[in-house]
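Which charged side chains pair up in a protein model? Have a look at the sequence and structure below.

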Number of protein chains: 2
Amino acid sequence: MSAPTVESPFLATCRQQSDDRVPVWFMRQAGRSLPEYRQVRAGISMLDSCARPELVTEITLQPVRRYGVDAAIFYSDIMVPLKAAGIELDIVPGTGPVIAEPIRSAADVQRIRPLTVEQLPYVTEAVRLLVAELGETPLIGFAGAPFTLASYLVEGGPSKDYAKTKALMVSEPEVWHDLCSRLAQISATFLTAQVTAGARAVQLFDSWVGSLSAADYRASVLPHSAEVLETIGQYRVPRIHFGVGTGELLTLMGTAGAEVVGVDWRIPLDEASARLGHRYAVQGNLDPALLGAPWPVVAERTRAVIAAGAAAPGHIFNLGHGVPPGTDPAVLERIVDLVHDEGPEIRRAVE
Amino acid sequence: MSAPTVESPFLATCRQQSDDRVPVWFMRQAGRSLPEYRQVRAGISMLDSCARPELVTEITLQPVRRYGVDAAIFYSDIMVPLKAAGIELDIVPGTGPVIAEPIRSAADVQRIRPLTVEQLPYVTEAVRLLVAELGETPLIGFAGAPFTLASYLVEGGPSKDYAKTKALMVSEPEVWHDLCSRLAQISATFLTAQVTAGARAVQLFDSWVGSLSAADYRASVLPHSAEVLETIGQYRVPRIHFGVGTGELLTLMGTAGAEVVGVDWRIPLDEASARLGHRYAVQGNLDPALLGAPWPVVAERTRAVIAAGAAAPGHIFNLGHGVPPGTDPAVLERIVDLVHDEGPEIRRAVE
C-alpha cells in the first residue's frame, strides 16, 4: 500500500481528524437498486459473481461512479469466506444463504477448517484491480462477524428468531466458543486478504446481533468480534463495527476495538455517541425505510442526521442499514449531494 | 361483571398489590404449539375460527387447562375488528394478514368506518361463554395498537421494514393521524366489547413499534395508543401495553396510560423497571427462542427473569414475545410449575 499524499475525508473522519466535511457512503450501495448492477449480474449467481475479479471490480465501482461517494465497499458476501473454507453452501435468490449441512454439534464444528489468504485468490485479485481503478477513493473491506456467520450456519439459512443459534449458545458454551473462534479466524482472514491487497478500512458486520440481550452478547459474542478486530488491528486501517437494533449493546460494541461504531436509525447519533462516551467516530444513520418518502422529507431527515452526528468526534454519513433493493438511485444521488454541499454548514451551525 | 371475592394473583399484580406470588401466562399460549388446537382448527380458516364463539371458547381454554396459567387470553386476531369494520382482508396461512386494497391515501383512510360493539356479536358471545367457564381465572382481552394495525393496512400485509407505513407517517402527517385516530377508535371498541362482556384486563399489542425511533414514536404513535388506553380506562380493568424491541421507547410507552408494561428479552426486567421509574408493573420476558434449549438452561433463565422482576412494583411472568409454533408444550408446563413453585422464594431472596 502506498499512502496517498492527502488523506481522504472518509479516512480522516474514521481517525477523528476530520474538518467539517461529512463523508458519505451507503451500505449495500453496490447492488440490486442499480440498473447497471442488474444488467451485469444477469444470469450469474451471487457466489459466482463474487469469484470473478473483473465483475467484482465493475460492480464495486458502479456506485462510486454514479454517486460520488467517499468510499467504495468491496462487492462480495459474508458467506464467501465460509465457502472458501470448504463449507458447502449456496445463496438462493429470494431466500438468502442456504447451508447444506447446518452446524449444530461439536463434530460439525470440527469440520470447519482454518482459512488462508491463499484460498481467496479472486479476492486478492479483485482488490488489486479495484485499488488501481479507485485512485484516492478508499476501498472498505468487509466481513461478517462470528455471531452473524454462526446464525446462518446453525440455522441453516436466514432466521427470524435465531432459536437454534441461541439454544446452542446457551446450552453448549464450549461448542459455541469453538465455533465462534473458528469463525473469527475465517472472518479475520477474509479481512486480511482485502487489507493486504489494498483495502484501506474494514467494516465488521454483526447484522443480527441486536437479537441478543447485553448479558448474552458480552458473554458469548463480544470476545469473538474483538478477536477479529484485534487481528486486523496490526494493519493500522480504521475498523468499523456495525449491527442492527443494537441500542442495548452499543456501549459494549464500543469496547470491541473498532475506531468507528455503526448505528441504526433507532437511536439519534448524538445519543449513540453519548452512550459510547464520545470516544469513537459514528457511522449512520438515516432510516432506509424513509428513502421512498418525498424528497423534502428525506432532505429534512438527512439534515437532522448530520446535525446529530456533529456531537460525535467523527461522523460518516450512511443509512442505518443497507440500501433496499427497490430504492430509486436518484434519491441516493441527491443525498450524497446534500451531505457534501450542506454538511459542513450544518456541522458548524451545531458547534 | 361480578367481582370475585378473592382477586386473582394476576389482577393483584397488575394493580401492584401482589404478595410474593408470580402470576404467569404466555402470549400466544392458545395456538399452533398445542396439538389440541391444531385438531380443532383443522379445516377452519383463522378468521372463520374467530367468529365461532364455541370454538373461540374451546381454544382459549385449552392452555388454561393444560398449563394452569394465571390468566386466559382471548383467542382472536388483531385483524378481526378491522374486518368487522368493513375492511376487506384475509389471513393467509404462512403469510399473515393480506389487505385487499391497501390504505395509502386520504381517500383510502376515509373509507375506514367507525366500529360499534354491536358489530362484534361473536366477540361478546364468546367472552360471555368464556367467563362462565373460567371461574376465577381472569380473561385478558386484547387489541392491536394503531401503529401495528396501520402497518398491515398500509403495507398490504406483513413487512420487514415498514417502508410504506413510515413514508406515509412522515410525509403526510394529517393522513397518518386521521388513519391512526380511526384505528384507535376501532381498537378501543374491540377492547370495549371484550371488557363489557367480562374480560378483566386488556393487553394492547404494538408489536412492530420497535422499528421506530423515539422521536417518531412520540410524535406519530404515542398519542393514538394513549387514546385507546384512555378510552378503556373507564372500565377500571388493568391495561398492559406491549411491543417488541422497545428499549428506546420504554420510557415513552410508560406514559401511554397502562398499568403494566410488557418487555421483550433484550432488556433485563430490573433495567426495564428502572427506565419506567419503577412506576408500573412489568410483564415478561423469557426469550422465546430459548424454549428449545435443554431444561436446565430454560430453568436457569426462568429463575433469572423472576429475580430481575423483583425490582419492579409488580411482575407478571411471560415470554418476551409470543410462543413459537414449534414449542414443546411440556416446556411451557414446566415453566409454569417452576414460576409457581419457586417464584415466591426467588423474590424473597432478592428483596
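This report covers salt bridges, one group at a time.

## The overall count

The model is predicted. Over all chains, the count of salt bridges comes to 28. Side chains of opposite charge can pair when their charged atoms come close.

## A pair in chain A

Take Asp108(A) and Arg111(A). Their side chains meet in a salt bridge, at 3.0 Å from N to O.

Is Asp108(A) buried or exposed? Asp108(A) has 16% relative accessibility, so this residue counts as buried; the cut-off for buried is under 20%. Arg111(A) is partly exposed, at 42% relative accessibility.

## Helix to helix in chain A

Glu342(A) and Arg303(A) form another salt bridge, with the closest N and O atoms 2.6 Å apart. Glu342(A) sits in helix α16 (residues 329-350) of chain A, and Arg303(A) in helix α15 (residues 295-309) of chain A. The pair therefore ties together parts that are 39 residues apart in sequence.

Both ends are partly exposed. Glu342(A) has 25% relative accessibility, and Arg303(A) has 33%.

## Helix to helix in chain B

Now turn to chain B. Glu342(B) pairs with Arg303(B) in a salt bridge, and the closest N and O atoms are 2.6 Å apart. Glu342(B) belongs to helix α16 (residues 329-350) of chain B, while Arg303(B) belongs to helix α15 (residues 295-309) of chain B. This pair links distant parts of the chain, 39 residues apart.

Glu342(B) is partly exposed, with a relative accessible area of 26%. Arg303(B) is partly exposed too, at 34%.

Conventions: Residues are numbered from 1 along each chain as its sequence is written. Chains are lettered from A and ligands numbered from 1 in the order in which they are written. This is a predicted model: local features need pLDDT of at least 70, side-chain atom pairs count only at pLDDT 80 or more; totals for chains, interfaces and linings use all residues. Side-chain values use heavy atoms; hydrogens and water are left out. A salt bridge is a side-chain nitrogen of Lys or Arg within 4 Å of a carboxyl oxygen of Asp or Glu. Buried means under 20% relative accessible area, exposed over 50%, partly exposed in between (1.4 Å probe, protein chains only). Helices (H or I, at least four residues) and strands (E, at least two) are DSSP runs, numbered from the N terminus.
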